[in-house]
Every structure is written in structure tokens, then in C-alpha cells.
Amino acid sequence: MPEPGKKPVSAFSKKPRSAEVAAGSPAVFEAETERSGVKVRWQRGGSDISASDKYGLAAEGTRHTLTVRDVGPADQGSYAVIAGSSKVKFDLKVIETVPGPASVPAPAPAPAEAPGAPGEALASATEEKGGSSSPEGSSSAAPDGSGAPDDPIGLFVMRPQDGEVTAGGSITFSARVAGASLLKPPTVKWFKGKWVDLSSKAGQHLQLHSSYDRTSKVYLFELHITDAQPTSAGGYRCEVSTKDKFDSCNFNLTVHGEGSLVSVLALLGVPLHSDSHEDAGTLDFSSLLKKRDSRLEAPAEEDVWEILRQASPSEYERIAFQHGVTDLRGMLKRLKGMKRDEKKSTAFVSGSH
């Protein structure tokens with residue numbers, strides 16, 4: 001703990017500055033650490049930033065750089081860089097461009113360490129303009145015309161539609177929201193089933209993109225699924241909300257075909273490697289196929305609840321998809337009740353003896 005009245009030592013020798021950047025231009029923030037080899041994290045709204053089409057991350061020695069490409073209203077807000085116990089906050093303000101000379105980014109005063117917060121540095125105060133940030137999609141197409149009409153039903157100009165894809169293929173679902181009357185970008189969330197928030201599943205095979213067309217004043221939000229598998233099929237939901245409005249739309253994805261052998265074996269829960277050192281790196285397909293056949297020969301009327309009761313919690317989702325259980329929350333509630341009743345029954349039998 002630092003001595004009273006003594007300023008904490010920062011891990012940064014150079015701190016990123018708050019900046020004002022013209023819409024459509026890249027925003028670059030730089031930080032330098034006191035020594036090399038320090039792990040540095042960049043954050044937006046308290047969540048870690050990963051390299052993507054929207055964000056570029058670079059590290060060379062003690063120098064670390066965050067690049068926000070093609071900035072728009074949705075990128076405006078508060079950011080931070082973290083190294084060890086030191087945290088520096090800074091703001092990005094997006095300026096709408098107008099005909100005439102291009103706007104030049106105007107850096108704000110350098111940030112200073114926050115007194116009374118060990119190891120934490122705060123940038124000069126800039127009011128956060130809000131708005132969620134998502135990687136920009138590959139397409140920013142909007143409806144034809146200089147402006148987009150308001151959705152007569154809700155907030156959507158175009159709602160995501162049902163889709164079909166062959167196993168192993170890719171598919172993109174799109175939603176468009178009119179932004180002419182909005183002071184801030186709308187908040188959009190994608191769900192699978194009733195409660196699985198897809199923002200927590202984003203990665204190599206599932207990506208969320210957003211962009212804004214300044215001509216038509218339309219926001220484009222996309223859900224992109226690559227290497228679709230049987231587990232990708234099912235019902236989805238897109239929710240959009242503003243300060244005083246809310247709208248949602250349900251749609252379905254159908255996946256045709258069985259997909260690759262590896263995907264099918266993974267769906268069945270068959271391990272794809274051997275624990276034996278002498279067999280490491282090899283795959284015994286005969287034993288795998290036997291295990292698969294034994295599962296396929298199981299009686300159709302087998303009790304899925306008995307299977308779930310004996311399975312590990314990490315297997316619940318796979319078993320539910322195999323047996324067509326879509327209400328995962330209800331499934332978990334019923335399992336909890338079954339296990340509670342089982343404990344009561346065991347306690348009663350023990351007490352009777």
C-alpha cells in the first residue's frame with residue numbers, strides 16, 4: 001500500500017489521450033509501459049477488446065496501440081488501457097463530417113493519475129456520449145433513398161428472416177433500425193432460444209457486426225454464423241431498445257446435412273484423442289464408430305431425465321439438443337427439483353434404519 005501523500009507509481013510511461021475523430025476515419029490510441037513484456041489489456045465500457053475487423057491491437061516492445069477503424073456514433077464513449085494495477089481511462093468523441101475540409105483529430109490534454117486510487121490513471125473529464133460498440137460488418141447497405149421510413153410496427157426497418165444453411169456453411173442474419181430520430185445508437189442484443197445471450201458466445205464461428213449509414217441514417221446489425229453445425233439450428237431472437245422504445249423479432253435457422261465426421265463425433269460427446277501416451281496423436285475410428293453405434297441403438301423411448309440426472313452439468317446443453325429439449329431454463333429447474341427430492345428420499349431411508 002503506498003505511503004500516505006505519496007503518488008502511486010504508474011506502469012505507463014506514456015498514456016493514451018482522449019481524442020475527437022471525424023466519422024469514417026480511424027482513431028489511434030498509443031500507450032507505453034515502463035518495461036517490456038508487460039501484459040496490456042484494452043477495454044470499452046468495462047469489457048475487454050479483442051482484435052477484429054473493427055479493432056486493431058498491436059504491441060512492439062514497450063509500445064502498445066489500439067486502432068478503432070472507420071469510427072461511427074456507436075464507437076463514441078469511454079475506453080481504458082490496463083497494465084498490472086494501473087488503469088488509464090480516455091474518451092473517443094466522434095464528429096459528424098460536413099461538406100468542406102476534412103476534420104482533423106484534436107487530442108485532449110494528457111491524462112493524469114487519479115489521487116487516492118493506487119495505480120489508476122484517469123484521463124481529462126469528457127462526457128461520455130454512450131452507445132454500444134460492435135465490430136463493423138462487411139456490408140453497410142441500406143434501403144434505397146435519401147432517408148429510411150420509420151418501422152410502422154416497431155423500431156425495425158428490416159427484420160431478420162428465417163434462414164437455411166448446409167452443415168459447414170455460413171449464413172448472415174441482418175436487422176436494420178431507423179436512426180434519424182434517435183439521439184443515441186440503439187442497443188441490440190441477439191439470443192438463441194429463450195435466454196442464451198450470443199454476445200457471450202462471440203468468437204471464431206459466431207460474430208456480431210454493426211455499422212451506420214450516414215446517408216440513409218440507418219443502423220445495420222448482423223449476426224454472422226460460420227461452419228454451421230446441427231447444434232446451430234433452432235430459434236433465435238433479436239432485441240432492439242432505445243431510451244423509451246423496445247422491439248424484438250423471432251427467427252429460425254435450419255441446418256441441412258450431418259456436417260463433418262469430427263463435428264458429429266463432437267456432438268455425440270466422443271473424445272477425439274487418447275489418454276494413452278503410446279497412442280498419443282492417433283484416432284481409433286473403429287472404437288469411435290462402435291461407441292457411436294451403441295448410442296444410435298439406444299431405445300427411442302429412453303428417459304432423457306434419467307440421462308441428465310446422471311450427467312455432468314457441462315453435458316446438459318449437448319444432451320438437451322440431442323433429445324429436442326428447447327426450454328433449458330425449465331430443464332434446469334426440473335433437474336434441481338429431482339435432485340432435491342432424491343436427497344429427501346435418501347435421508348428418509350437412512351433415518352428409517
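Two strands pair if DSSP finds at least two bridges between them. Strands (E, at least two residues) and helices (H or I, at least four) are DSSP runs, numbered from the N terminus. By these terms, strand β15 (residues 187-192) and β19 run antiparallel and are joined by six bridges. This is a predicted model, in which local features need pLDDT of at least 70 and side-chain atom pairs count only at pLDDT 80 or more, while totals for chains, interfaces and linings use all residues. Residues are numbered from 1 along each chain as its sequence is written, and side-chain values use heavy atoms, with hydrogens and water left out.

**Strands around β19**

- The bridge partner of F191 in β19 is R237.
- β19 also pairs with strand β20 (residues 246-256), in the antiparallel sense and over eight bridges.
- In β20, the residue opposite R237 is N250.

- Four strands, in the order β1-β3-β7-β6, form an open sheet with antiparallel pairing.
- β1 (12-14) and β6 (55-60) are the edge strands, each pairing on one side only.
- On average, neighbouring strands of this sheet are turned by 25 degrees against each other, direction ignored; axes are lines fitted to C-alpha atoms, for helices over the stretch in contact, and angles run from 0 to 180 degrees between N-to-C directions.
- Within the sheet, strand β3 (residues 27-33) pairs with β7 over six bridges in the antiparallel sense.
- F29 has L66 in β7 standing opposite.
- Strands of a sheet pair through backbone hydrogen bonds, either parallel or antiparallel.

- D75 is located in the loop between β7 (63-68) and β8 (77-83).
- The D75 side chain reaches the backbone nitrogen of G72 at 2.9 Å.
- D75 counts as buried, at 3% relative accessibility; buried means under 20% relative accessible area, exposed over 50%, and partly exposed in between (1.4 Å probe, protein chains only).
- R159 sits in the loop between β12 (156-158) and β13 (163-166).
- The side chains of R159 and D247 are joined by a polar contact of 3.1 Å.
- A polar atom of the R159 side chain also lies 3.4 Å from the backbone oxygen of S248.

**Cysteines**

- Zero disulfides are found in a search of the whole structure, a disulfide being a pair of cysteine sulfur atoms within 2.5 Å.
- C238 is in no disulfide, and the nearest cysteine sulfur, that of C249, is 7.1 Å away.
- C238 is buried, because its relative accessible area is 0%.
- C249 counts as buried too, at 10% relative accessibility.

**Positive phi in loops**

- K217 is not a glycine, yet has a positive phi of about 55 degrees.
- The loop between β17 (206-213) and β18 (218-225) holds K217.
- K217 is partly exposed, because its relative accessible area is 39%.
- D227, also not a glycine, has a positive phi of about 50 degrees.
- D227 is found in the loop between β18 and β19 (234-241).
- At 33% relative accessibility, D227 counts as partly exposed.

Key:
Polar contact = N/O pair within 3.5 Å; in protein donor to acceptor, adjacent residues only side chain to side chain.
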